[in-house]
Amino acid sequence: MSSSASCGASIKDTLRQIPSLKAPLPELDLADMPATPEQAFALWLNEALAAGIREPHAMTLSTVDEHGWPDARVLILKNVDAEGWHFALKGNSPKARQLDYHPQAALTFYWPALGKQIRLRGHVHLLPEQICADDFLGRPLGSRASAIASRQSEVLHDETELHQRLKEAQVYLDTHPDHVEPGWRVYALTPHIVEFWQGASDRNHKRLRYTRNAQGLEWATVRLWP
């Protein structure tokens with residue numbers, strides 16, 4: 001047997017031995033779910049925080065590039081309001097270019113300790129300049145310096161260049177504390193479909209799908225098969 005085949009078999013065996021959706025997991029009465037996905041998310045987020053889930057605001061943003069290739073990465077949720085579900089990024093980043101080309105996206109939250117998953121799909125739009133500026137200024141100093149210094153997703157040939165750019169950005173912010181990086185963007189995804197998934201050890205999962213009506217004013221809910 002080749003070394004590559006042996007390695008593949010070993011990975012397969014390892015994966016099969018990893019436990020998933022181990023009890024106890026929370027019970028979910030779908031009749032108790034709120035009328036809107038925003039209210040349901042707030043309820044589940046508070047439950048995750050009470051359970052000590054680390055970074056429950058971390059979510060996967062999925063986009064599509066100009067060639068039709070899907071892409072995904074983890075970002076932090078910034079807010080949920082009438083505009084939608086907010087996230088921030090650099091305007092010259094690959095994900096920003098993908099959203100410029102194809103302004104539809106998906107968001108996914110997964111909290112394995114609770115067996116909970118939330119999925120959203122919808123249209124993405126750029127929020128007003130003041131919201132973008134407020135978000136940038138609300139970031140920790142180190143995060144602002146990193147945003148200024150980073151040439152996101154470009155090839156890094158020399159780590160000393162990264163350290164030098166970070167140092168220069170930090171010095172600049174010391175004397176320009178109100179600086180807002182040009183091109184810093186905050187987007188909102190306005191969902192038309194949101195699914196709440198409560199996993200179960202016996203795989204009899206509970207799934208509730210919210211769908212926005214044609215007028216975009218109300219939500220209808222249906223239960224889905226596991």
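Here are a few notes on the salt bridges in this predicted model.

1. Some ground rules come with the model: because it is predicted, local features need pLDDT of at least 70, side-chain atom pairs count only at pLDDT 80 or more, and totals for chains, interfaces and linings use all residues. Residues are numbered from 1 along each chain as its sequence is written, and side-chain values use heavy atoms, with hydrogens and water left out.

2. How many salt bridges (a side-chain nitrogen of Lys or Arg within 4 Å of a carboxyl oxygen of Asp or Glu) turn up in the whole structure? The search finds 7.

3. Take K116 and E47, whose side chains form one at 3.7 Å, N to O. This pair links distant parts of the chain: K116 sits in strand β6 (residues 116-126) and E47 in helix α2 (residues 37-50), 69 residues apart. Helices (H or I, at least four residues) and strands (E, at least two) are DSSP runs, numbered from the N terminus.

4. Is K116 buried or exposed? It is buried, at 3% relative accessible area, while E47 is partly exposed at 34%. (Buried is under 20% relative accessible area, exposed over 50%, partly exposed in between, using a 1.4 Å probe and protein chains only.)

5. Next, D100 and R185: their closest N and O atoms are 3.1 Å apart. D100 belongs to helix α3 (residues 94-101) and R185 to strand β7 (residues 184-198), so this bridge ties together parts 85 residues apart in sequence. D100 is partly exposed, at 48%.

6. D71 and R73 also pair up, at 3.2 Å, N to O. Here D71 is partly exposed at 30%, but R73 is buried at 16%.

7. Finally, have a look at R119, E195 and R207, which are linked in a network of salt bridges.
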